[in-house]
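Open the model in your viewer and keep the selection panel at hand. The tour goes stop by stop.

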Amino acid sequence: MYFPPPTRLSGCPQQKSLFRPTYPHTSPRMPRLDDQHARALIGIAHLTLAALSWGLAGPAFKLVDVDFLIRLVWRGQCSLVFIAPLFAATCVARADTRTPWSRETVKGIAAVGTSMFAMFVGWNYGVSNTAFSHASVFSQTHPVFLLCIASANVAWKRRRGAVVDEEVEVKENDRYPGVVEWMCVVWTVCGVVVTATSPKSSSMKTQPTALGDALSLGCGLASAFYALSMNKWFGANGIGIQNAPGIFVQATGAFVMTAYGILTLAMVPGTVWMSSSSPYDDGVFDWPKSDYLWPGIIGMGTLAIIGHVFITEALKRLPLLVVSLSLTLTPVLQTTFAYFLIGDDAPSAQTIIGGAIIISGIGLTMVFEERRRQRDSVVVDN
């Protein structure tokens, strides 16, 4: 099975910025702005579909009232059953060219699946062991971690002498995050704080704990590594498979995540593999006969992985920071859909205000990234 890399035209500069995807050019001096804008619009469409999928998946998760590790394994198994035919079709469609998987491909699959598992465990353990407002804020710190990782990466390369020509290479490929990027991230996180401290969230009386806060921060860090892993191994300049289909990335990642869940449950004393009687909500493989099968398990299994597929496709076309900031809007959308679909509490005015702040932060970041891309294109032309 082979996923061919995208065709690169001669003279096209290789862009490796953490925050910018690669945009093809017709020549070194004639950027195809129409193509660039089309890529951005397609990326925004994928991002919107991902947000809708995850917004709808949130209420489905709430309907499945079982232990969170059981729910994770059920979600993974259902996702694999759903995406297996699509994965097979993708492999068949690309069977005309053959190149064996590289070691980097396997490492990328392991990185994506591991970070997905860490995200889920960090959030569920965090929300159970600390104040809900703390868990909501700390788990959405992945944009901050991305900027910190980018800064550390540049500092390490400079220290090790990896950057040969600082005037060109650092500016084009390995630069420190700018002040405007930090301001956009801080503004968006402020929106997350406003949302997380709404009256509904404040009414959840779990006391803050250092362990719960640390686990929630771990969820945010795992989310950052999840996005970086997809970008590094399967993005436009991926070292595993360039421009790998989102279905391939998520099918293999879901397999790794589910395997982690099953292995973890195997080490828990008293784990039930298949229940012998109703209500079938304790066994690892009970989900096909569980009372929660429809709409809960099927909803969360299909919608969750669909959202991840769209996120994978969005990362190929939009700056990584924009995608990361967009994910902070997920709790707001899930609250809204839960109100309309399962009669949960209505979003408060504070939640709506926080969502507006988050959206404005995402918009400002997109405008800034587009202006900087155009400015850098002028520098390349000259």
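Are lysine 316 and glutamate 313 buried or exposed? Select the pair: both lysine 316 and glutamate 313 are buried. Buried means under 20% relative accessible area, exposed over 50%, and partly exposed in between, with a 1.4 Å probe and protein chains only. Glutamate 313 counts as buried because its relative accessibility is 13%.

Two notes before moving on. This is a predicted model, in which local features need pLDDT of at least 70 and side-chain atom pairs count only at pLDDT 80 or more, while totals for chains, interfaces and linings use all residues. Residues are numbered from 1 along each chain as its sequence is written, and side-chain values use heavy atoms, leaving out hydrogens and water.

**Salt bridges**

Stay on glutamate 313. A salt bridge links it to lysine 316, with the closest N and O atoms 3.2 Å apart. Another joins glutamate 313 to arginine 317, where the closest N and O atoms are also 3.2 Å apart. Shared partners make Glu313, Lys316 and Arg317 one network. The term requires a side-chain nitrogen of Lys or Arg within 4 Å of a carboxyl oxygen of Asp or Glu. The structure holds three such bridges.

Next, select lysine 107 and glutamate 104. Their closest N and O atoms are 3.4 Å apart in a salt bridge. Both lie in helix α3 (residues 103–129), three residues apart, about one turn of the helix. Helices here are DSSP runs (H or I, at least four residues), numbered from the N terminus. Lysine 107 counts as partly exposed, at 41% relative accessibility. Glutamate 104 is partly exposed too, at 26%.

**Helix α12**

Select residues 320–327. Helix α12 is mostly covered, with eight of its eight residues buried. Among them are Leu320, Val323 and Ser326.

**Nonpolar patch**

Now show Leu56, Leu63, Tyr339, Phe340, Leu341 and Ile342. Together they form a nonpolar surface patch with about 550 Å² of accessible area. Such a patch takes nonpolar side chains (Val, Leu, Ile, Met, Phe, Trp, Tyr) joined within 5 Å, from residues with over 30% relative accessible area and no salt bridge. Helices α1 (33–63) and α13 (330–342) each give two or more residues. The most come from α13, with four. Isoleucine 342 lies in α13 and is partly exposed, at 34% relative accessibility.

Terms used:
Patches are made of residues with over 30% relative accessible area and no salt bridge: like charges are joined within 9 Å, nonpolar side chains (Val, Leu, Ile, Met, Phe, Trp, Tyr) within 5 Å. Accessible areas come from the Shrake-Rupley method with a 1.4 Å probe; for residues, only the protein chains shown count as cover.
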